[in-house]
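These are my notebook entries on a single protein chain. I set down what I looked up, one topic at a time.

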Amino acid sequence: SACRNKYFSCCCPSLIPSRETARFYLLFVLIALYMLAGAAIFSSLERPAELQAHLLWERRLQDFRHEHNISYEDLKSLLHHYEEARTAGIRTEQGRALWDIPGAFYFVGTVVSTIGFGVTAPSTLTGKVLLVFYGLLGCSSTILFFNLFLERVITLLSFLIFWCHRRRGGHSGLEDSDGNRNEEWKPSVYQVTLILFVAVLLVACGAASLYSAMEGWSYLESLYFCFVAFSTVGFGDFVSGQREHHEDTRVYQVGNCLLMLLGVCCTYSLFNAISVIIKQGLNWMLRTLAWMYSGICNYRLQLRPLFKLCFSDSEPPKCYCEDNNPHRQQVQAVSC
């Protein structure tokens, strides 16, 4: 066994990646497979609706042209101008101003939090250039804030779980059978993940109730918006605070910003905790693959005498490893 390990390391040293490198490659393959599976699923779900929407739109264009006696080119030109106006914030139904101080503050909040709904975007060249440098510093600072928030959340949860663990184990402290104190107890990553998941769920459900009442969305649409916003995906199909009039507008704007900040921080913490579990899963998969590879190698070693009998005329290539036995100072040959 020892010589076999030496054989593999001396013959093919470049084929043995480090643990971190192997985990990186495995994660890359799994993410690619996960994306391919997601693409197939969402394509089968959404592609028929997309084709139906295209047919309905073409039918409506044809009906509008015939009803108002407008040429197809003129109608396309009008729609093209509307697309340009929509980029500047023009809507068929009047909404709130996008670039007043509250609107601009909402925009920079979506920038530094990396949400990026896409409803508001700078249209001037100066604004676009400034956004590059503004976002570079703002996003970096916000990610640092998220990391510091995560550290404090983990510390608080560890303290609470440890306190509950000690209360359940008695007030005298945790001691082993010899009377010595055990090493400091640490909470499981699964416990922390479960608590963070419950916290994110509570924040999302509470925020969905507010958005459903203020925006006129259904509760499921509000929950969908909360995930898209809190996970910083930010599709832009649902955006809060865009209606022209809200009851208690100022209070709602403040509450909306606080909910966004709290939701993004909690979701970021949950994602980090889940990533630790995924890392543990990758380690388990690597151990399983190593065990399977070891079994294949052992099986091949057992079949080696049979191969020697079948191919006795041709001598297999050899790799020489030093023998560790001090009583036999010779070199053993191991067939490759």
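**Entry 1: the whole chain**

I began with burial and found that buried residues make up 23% of the 336 residues in the protein chain. In these notes, buried means under 20% relative accessible area, exposed means over 50%, and partly exposed lies in between, with a 1.4 Å probe and protein chains only. The model is predicted, so I noted that local features need pLDDT of at least 70, that side-chain atom pairs count only at pLDDT 80 or more, and that totals for chains, interfaces and linings use all residues. Residues are numbered from 1 along each chain as its sequence is written, and side-chain values use heavy atoms, with hydrogens and water left out.

Next I looked up the secondary structure, which comes to eight helices and two strands. Both kinds are DSSP runs numbered from the N terminus: helices are H or I with at least four residues, and strands are E with at least two. Along the sequence I read the pattern α-α-α-α-α-α-α-α-β-β.

I then turned to contacts, where contact means heavy atoms within 4.5 Å. Among contacts between residues at least 6 apart in sequence, 60% join residues at least 24 apart. The accessible surface of the chain comes to about 24,000 Å², and 65% of this belongs to carbon and sulfur atoms. Accessible areas come from the Shrake-Rupley method with a 1.4 Å probe; for residues, only the protein chains shown count as cover.

**Entry 2: salt bridges**

How many salt bridges are there? I counted three, taking a salt bridge as a side-chain nitrogen of Lys or Arg within 4 Å of a carboxyl oxygen of Asp or Glu.

One of them joins the side chains of Glu20 and Arg23, at 2.2 Å from N to O. Both residues lie in helix α2 (residues 19-68), three residues apart, which is about one turn of the helix.

Another joins Arg47 and Glu50, at 2.6 Å from N to O. Arg47 and Glu50 are three residues apart in helix α2, so about one helical turn separates them. Arg47 is partly exposed at 39% relative accessible area, and Glu50 is also partly exposed, at 36%.

I also found Glu151 in a salt bridge with Arg152, where the closest N and O atoms are 3.9 Å apart. Glu151 counts as partly exposed because its relative accessible area is 48%, whereas Arg152 is exposed, at 55%.

**Entry 3: Arg23 and Asn283**

Is Arg23 buried or exposed? Arg23 is buried, with a relative accessible area of 8%. I looked for a further partner of its side chain and found Asn283, whose side chain makes a polar contact with that of Arg23 at 2.6 Å. A polar contact is a pair of N or O atoms within 3.5 Å; within protein, one must be able to donate a hydrogen and the other to accept it, and residues adjacent in sequence count only if both atoms are side-chain atoms.

Asn283 has its place in helix α8 and is buried, with a relative accessible area of 14%. Leaving aside residues up to four places away in sequence, Asn283 touches Arg19 and Arg23.

**Entry 4: nonpolar cores**

I define a nonpolar core as a set of buried Ala, Val, Leu, Ile, Met, Phe, Trp, Tyr and Cys residues joined through side-chain atoms within 4.5 Å. The largest has 22 residues, and those with the most contacts inside it are Phe117, Tyr211, Phe225, Cys226, Phe230 and Met260. Helices α6 (189-215), α7 (219-230) and α8 (249-310) each supply at least two residues of this core. Which helix gives the most? It is α6, with six residues.

Apart from this core lies another, of nine residues, among them Val153, Ile161, Cys266 and Leu270.

**Entry 5: the loop residue Ser231**

I found Ser231 in the loop between α7 and α8. Ser231 is buried, with a relative accessible area of 10%. Its side chain reaches the backbone oxygen of Val228 at 3.5 Å. Not counting residues up to four places away in sequence, Ser231 touches Cys226, Thr267 and Phe271.
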